[in-house]
Amino acid sequence: MTGRFDLPEPDAFTRTYWEAAAEGRLLIRRCRACGRTHHYPREFCPHCWSEDAVWEPASGRATLYTWSVVHRNDLPPFTDRTPYVAAVVDLAEGPRMMTEVVGTGSAGELSAGAELEVAFREGIPVFRVVPGAPGG
Amino acid sequence: MVARRKVAVVGVALSDCGRVDDATPYALHAQAARRALADSGLDRSLVDGFASAGLGTLAPVEVAEYLGLRPTWVDSTSVGGATWEVMAAHAADAIAAGHARVVLLAYGSTARADVRAGRRTGTLSFGTRGPLQFEVPYGHTLIAKYAMAARRHMIEYGTTIEQLAEVAVQARANAALNPEAMFRTPVTVDEVLVGPMIADPFTKLHCCVRSDGGAAVLLAAEEYVRDCRTSPVWVLGSGEHVSHAAMSEWPDFTVSPAAVSGRLAFERAGVRPDEMDFAEIYDAFTYMTLVTLEDLGFCGKGEGGAFAEKGRLRVEGGELPVNTDGGGLSAQHPGMRGLFLLVEAVRQLRGEGGERQVRRRGDGSLPRLGVASGTGGWFCSSGTVVLGV
């Protein structure tokens, strides 16, 4: 196989998200009708269907919900990236997010609820364990 | 109110399975379909409904055409591995309502041969547009998604990797009794644990086999049952539910959508989980069996690990034989395995299990009630069907 299988395909609506990420900012969406947040971003509020949803900067703080250290993936460039930590995290603002946890020496360092902070790799939001934080 | 007709499964079959390097998926659909029709003894002209998914741009039109069928009722529900339980439910409803008399469900895939021949990658790419753009950078393989769910169950309930391995060990023990199973050599918990790591905590034997193969099921209205050479297996109740597509939209990784589809199916059938003589549960990974046992109500939430111990899932001496053919973990898994669950459940209820035939505890008679619960995607969808004789 050739090419890369890790590149997101931004669209007219999500370009804002990826442009912010390229500048080192993580955005979420908040509904001004019901007040709830969501991620992945949608044009409208998936909770109440209001169209009054807006972009909002996230704090970048999250806790680790679960993870798996991936050893096999034959799609490039993941083949060369293994082992890596696929993870699902709970953002401080509420929404859950699919991501990768980077900078871990081994999975043994991770635990549920570990405090994480956003980092950026080539314009892609990933997370790392907050140094010295409990559960890290 | 028009009285609803009863609906029975009257024909089941598998195509050649396991390693099939010289057949197209179309040929496997057709082989399974012809065998299922022959099994039923019905005339082909009676088949007026056709359902299939996974092959063709206009599914199920291409496969219907390949089979020479011109159906007046079709379905191509495509919700992953659970497709077939959902489709069987839709077919049963259509037959009950008088919109079809005999419906054929057919499936075939050469997933194993395709990877070997380089026609596809081992890891599937599902695309990069829309919601997928928020997933694709992170390499969440299908196996990793299930592994993350299993880890959450381990975190919340203390489920151990040994308990999960027990599921694979018992599936293999059942497969040892099934001449059609791809892998039949018994394995131990230790052998599961020391295998190559795929996505932790899953080593290789926590994951299903990748095989070729097809299956077909024929459902008919009650008035055609007497024309069949088989004894009818009645569709008593069914339920379906879809949850999420993005893992981040799944509220609780320890609860499968089978919690909803199972409850609906048992309620509609008017039976309880503890009345089941066996269960066929979609097992692409060991965790699926464990959590689905909980969510179907065979044990409490969080108790799946303990339930899977002590050989409970074995055909030989098990309290609740599960995946009596060896399941996706050992028998065959060509991609969307749900139809194989229905085939095996029907064979068990007809008493055609051979060496792996389930006997009721106590009097040793043939089973009367069984459940097939399919799961699709990565706990995205679920369909549960209760069958009885």
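Let me begin with the aromatic rings: there are 17 aromatic pairs over all chains, where rings of Phe, Tyr and Trp (its six-membered ring) pair if their centres lie within 6.5 Å, and planes under 30 degrees apart count as stacked, over 60 as edge-to-face and the rest as tilted. One of them joins Phe13(A) and Trp55(A), which are stacked at 5.2 Å centre to centre with 25 degrees between the planes. This is a predicted model, in which local features need pLDDT of at least 70 and side-chain atom pairs count only at pLDDT 80 or more, while totals for chains, interfaces and linings use all residues. Residues are numbered from 1 along each chain as its sequence is written, chains are lettered from A and ligands numbered from 1 in the order in which they are written, and side-chain values use heavy atoms, with hydrogens and water left out.

Staying with Trp55(A), the charged end of Arg29(A) sits over its ring, 4.6 Å from the centre, and in chain B we find Lys145(B) over the face of Trp378(B), at 3.6 Å from the ring centre; the rule asks for NZ of Lys or CZ of Arg within 6 Å of the ring centre and within 35 degrees of the ring normal.

How is Phe13(A) placed, buried or exposed? Phe13(A) is buried, with a relative accessible area of 17%, whereas Trp55(A), at 24%, counts as partly exposed; buried means under 20%, exposed over 50%, and partly exposed in between, with a 1.4 Å probe and protein chains only.

Finally, ring pairs also link a cluster that includes Tyr65(A), Tyr146(B) and Phe202(B).
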